[in-house]
Amino acid sequence: MPSSRTYSIQQASEKIAPPMHDDSSKTDITEGVGEVFQQAEYRALGWIRTAIILMKLCFATGVLAIPSAFSIIGYGPGVILLVCWGALTTYYAYIMYAFRMRYPGVHNIADAAGLVGGPIARELASALFLLTWILASGSGFIGLSQGFQVLSTRHVCTVVWTLVAAICTILVASIRTLGKLAILTWIGFASIFTAVFIVVVGVTQVDRPAAAPQEGPFNMEVVAVGSPTFIPGFVAAINLFAGYGSTPTFMPVIAEMKTPKSFTKALFTSQAFLASCYVSFALVVYIPSLGSAGGLLEKVAYGISIPGFIMTSTLWVHLAAKFLLVRILRNSEHLQDHSLSHWTVWLGSTLSIGALAFIIAAAVPFFSYLIGLIGSLCCAPTCLIIPAFMGLYMDWEKRGTSRAKAAICYFHIFTIVLGAFITITGTYTTVQSIVDAYKLGTVGKPFTCS
């Protein structure tokens, strides 16, 4: 007969351990005690659908800022920066995955920050995460409203189109699980990729891009290496970085996979494809992106891209709302049940995030500067600084075992310094650029029609 101590341990393990399934091909929800989601409804993503979601999270409004960034810093430095930023953010996305697999109760980057740095770090990371995706969703609303404006045959106030974008986003984002959003994500990615492809082809068929001067001499000479002053050059570099800035949202996506161990295939496939798309797109498109070809092609491109813009904002609002849902209802029976408490928290979260993003979109009449602000103030800490601390948390005690481990730890320290520099300097230069733009009158006013 087992002792009472043995029996109590067995009882505890039976209470904690998730249910076992004989058919692992259906849903593997046994990987790691402490997983936030256990029901099959929330664990429905295979690695291919996950890869599409990862690509759609990144391949979004940030891509619209790449051509203008290249025109400032030059095509040579631009390509180098795109490749370097892509490699760095992909590496730290892998670090976030490794950390999450070691500590499976970690659902998001705020949980990881709390484990590494305590309650204060957790609250700071929570605020940064929510701020990032509220701002990002606002930028998505701006892009979507521009598309509606181009397609409209009548002049309608931009604020109205922004409101329409917010309503469409909130309705779709209220779908509870990423598994149910996956098919819409496929459609969204295909639409925006097709729109960009149409522009890429279209700009090769016109003598003069719509964004270029329509009269007089016109120079399409490619600037190999630009010579900007510090502030516009740094803002352009941050805009390129922002194109990869969605990696902190990858952790909640892992939590809804059938088999989290297959995340690496989704990660490396999606990021390699993303980098190749960014480079090829930026090399041929004149500023501003979807309006480059002009005329009918511009309307076609924007029309096709509408589902993509909606799904971009949808995923951002959805993941920010899912963050709040888990934070409020974690360890509660209402987290995964169809109860009144669950739906109240869930719909309240999506509506609140969407409403705040709408206010941001209507109040901030400058798209590229908003992207730069997101990249410096929000993405640098969440994409680089916090993941680097996560890496140190896992590797610091092993630094004396080999030179390779020591080098990895020093690289994490370098990344923390780099992320801090980007955060401080990037925020300053972006804010200064906004101030200068207002002085020059090159941006509109908040809550006005255009």
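1. Leaving aside residues up to four places away in sequence, Ser270 touches Ala51, Leu54 and Met55; contact means heavy atoms within 4.5 Å. This is a predicted model, in which local features need pLDDT of at least 70 and side-chain atom pairs count only at pLDDT 80 or more, while totals for chains, interfaces and linings use all residues. Residues are numbered from 1 along each chain as its sequence is written, and side-chain values use heavy atoms, with hydrogens and water left out.

2. Ser270 belongs to helix H11, residues 263–284. Helices are DSSP runs (H or I, at least four residues), numbered from the N terminus. Ser270 has a relative accessible area of 0% and is therefore buried (under 20% relative accessible area, 1.4 Å probe, protein chains only).

3. A polar atom of the Ser270 side chain lies 2.8 Å from the backbone oxygen of Ala266. The Ser270 side chain also makes a polar contact with the side chain of Gln271, at 3.4 Å. A polar contact is a pair of N or O atoms within 3.5 Å; within protein, one must be able to donate a hydrogen and the other to accept it, and residues adjacent in sequence count only if both atoms are side-chain atoms.

4. Helices H6 (residues 119–151) and H13 (residues 340–363) pack at an angle of about 60°, their axes 8 Å apart. Axes are lines fitted to C-alpha atoms over the stretch in contact, and angles run from 0 to 180 degrees between N-to-C directions.

Conventions:
Helices (H or I, at least four residues) and strands (E, at least two) are DSSP runs, numbered from the N terminus. Buried means under 20% relative accessible area, exposed over 50%, partly exposed in between (1.4 Å probe, protein chains only).
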